[in-house]
Amino acid sequence: MSELAIELKNINKTYTVMDKDSQNLRGRIISLITHTNKREIKGLSNINLEIKKGEFFGIMGHNGSGKSTLLRIMSGAYPPDKGGTVNMYGRYMLLSLGLGMNPKLTARENIYLNASILGLTLKQIGQVFHEIVAFAELEEFVDTQVKYFSTGMAARLKFAVAVHADADIFLMDEFFGGVGDAGFKAKSEAVFHESLVKGRTIVHVSHVVKTIRAHCHRVLLLHQGEIVGIGTPDEIIPEYQKLSKKIRK
Amino acid sequence: MLQKIIDWVPENNRLERIWLMAKFDFVTRYYGSFLGLFWALLKPLFQLAIFYVVFTMLIPSTTDKFLLFLFIGIIMFQFFTESVHGSMNIFKAKKYLLENIQINKLDIFYSGISATFLGFLFNFMAFALANLILNNTFSWSILLFPVVLANLILIIFATQLIFSTIGIYVKDIDNIWFVLNNLLFWGSGIFFDLSKLEGKLALIEYFNPLAGILTNARDILIYARPIDIQLLAINLLTAIVLLLIGLWGFKKYSAKALEKL
């Protein structure tokens, strides 16, 4: 567990929020000249983090603490502010409970598309195709458009693709524990254990203390975009609970 | 520089991936519609029929081989306009990929152009058939058509990059495109012969690369004339300059595409 999977250096994230009127051409020009109609909101401050290969890493925090922003910076969806560096050592996939697939395409087409983007050749996809479908328990819906799937079905499909296409890093946004019935959850957990043996890295964003405690090697606690602490679940969960009480007061 | 060239050579499954995305883009455009893929062919044929009726019966055109002249003009312009229009909301349309999986953003442009190119090929085959039946002239300069087509693809790619990048920050990009598209339609000689323009207007082929591309395409495909090398060179140069501007802007400003959605 010494090789790095993810390295974040000096990550700050500032969102620029524009008034509705500033989003058209006229508003843009006025805003450029007058520098008005926009506000800045700090999403993350000075995050430095190293996650090792094969680590199950948790990120905890309350709503608006910056958990999802951090995950999206890791996935490359959002850029950090100038001066920040994100190094991802491996192929990754972000798993969230949103659809995350093309709703107009069938499950078969989405499997081919996602697995191909993850780096598999068409021949390799053909070899694991049936395993993906069986794992996702979607044998009867292979040629159904994903728009007819429930959130759980779509999430199972995504997860199955990520597992079988051998993504090195799973970025999970409130994903674990929300997917499928008890049988599928048990299957997912088995995959996580097997994955970690294979040296996969899992970054798991969650509010749920139980899953964090059960799986994570280390946990990061975020509050208002800043790191409160990084440590074992036994060290961080009490901090999180203390913070919860403080916020509720 | 060498690294950039190497990146262009498909590593692993990059070509397969672009092809898959293009194929699915093409298929989803016509998914579930009554006539399916025939829409790809019917749309330009319908436009062709309208213009042909107008310019043969109502305001007769004096342009030689007018049907073929119009046909190639419509399908090449449609290739341009469909590709660019499709790219203006490309980040929104491909959010499901860009947000969840590591993908080179440019790949979604390559696949987008490939998808509209498939549609263009359908139409071009229909044009080629009509040209074979109705036209009795032939010149080997027809072999240069791929160069003219490559010029058009470069223009499309550059325009896509420019408009999709502006579209991240300016939400009324559709209206801007509507105006520009109309200007280009009327200024590219889709249904009239630009060579009949006089004075400064005759230079339009040099300033508007679409007009120059259409002139050269018609000369070699329909009229068996030699390609206008000077026009081709200027159109290619314009495409390269636009592409460099597009790539620069895209690299500098597209990073925030997803958070601006």
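1. Among contacts in chain B between residues at least 6 apart in sequence, 77% join residues at least 24 apart; two residues are in contact if their C-beta atoms, placed from the backbone, lie within 7 Å. In chain A, 74% of the contacts between residues at least 6 apart in sequence join residues at least 24 apart.

2. This is a predicted model, in which local features need pLDDT of at least 70, side-chain atom pairs count only at pLDDT 80 or more, and totals for chains, interfaces and linings use all residues. Residues are numbered from 1 along each chain as its sequence is written, while chains are lettered from A and ligands numbered from 1 in the order in which they are written.

3. Chain B contains 12 helices and zero strands, whereas chain A contains eight helices and nine strands. Helices (H or I, at least four residues) and strands (E, at least two) are DSSP runs, numbered from the N terminus.

4. For the 261 residues of chain B, a compact globule would have a radius of gyration near 18 Å, and the value of 19 Å agrees. For the 249 residues of chain A the expectation is likewise near 18 Å, and its 20 Å agrees. The radius is taken over C-alpha atoms, and the globule rule is 2.2 Å times the number of residues to the power 0.38. Along the principal axes, chain B fills a box of roughly 55 × 45 × 40 Å, and the C-alpha trace of chain A spans about 55 × 50 × 35 Å.

5. Buried residues account for 36% of chain B and 43% of chain A. A residue is buried if 20 or more other C-beta atoms lie within 10 Å of its own, with C-beta atoms placed from the backbone.

6. In chain A, three strands form an open antiparallel sheet in the order S2-S1-S4; two strands pair if DSSP finds at least two bridges between them. Strands S2 (38-52) and S4 (85-88) of chain A stand at the edges, each with a single partner strand, so one side of each lacks a neighbour in the sheet. Strand S1 (residues 4-18) of chain A is joined to S2(A) by 11 bridges. The bridge partner of Tyr15(A) in S2(A) is Ile41(A).

7. The contact between the chains takes 30 residues from chain A and 26 residues from chain B. On the side of chain A that touches chain B, helix H1 (25-34), strand S5 (92-96) and helix H3 (107-117) each supply at least two residues. The largest share, six residues, comes from H3(A).

How values were computed: A residue is buried if 20 or more other C-beta atoms lie within 10 Å of its own, exposed if 12 or fewer, and partly exposed in between; C-beta atoms are placed from the backbone.
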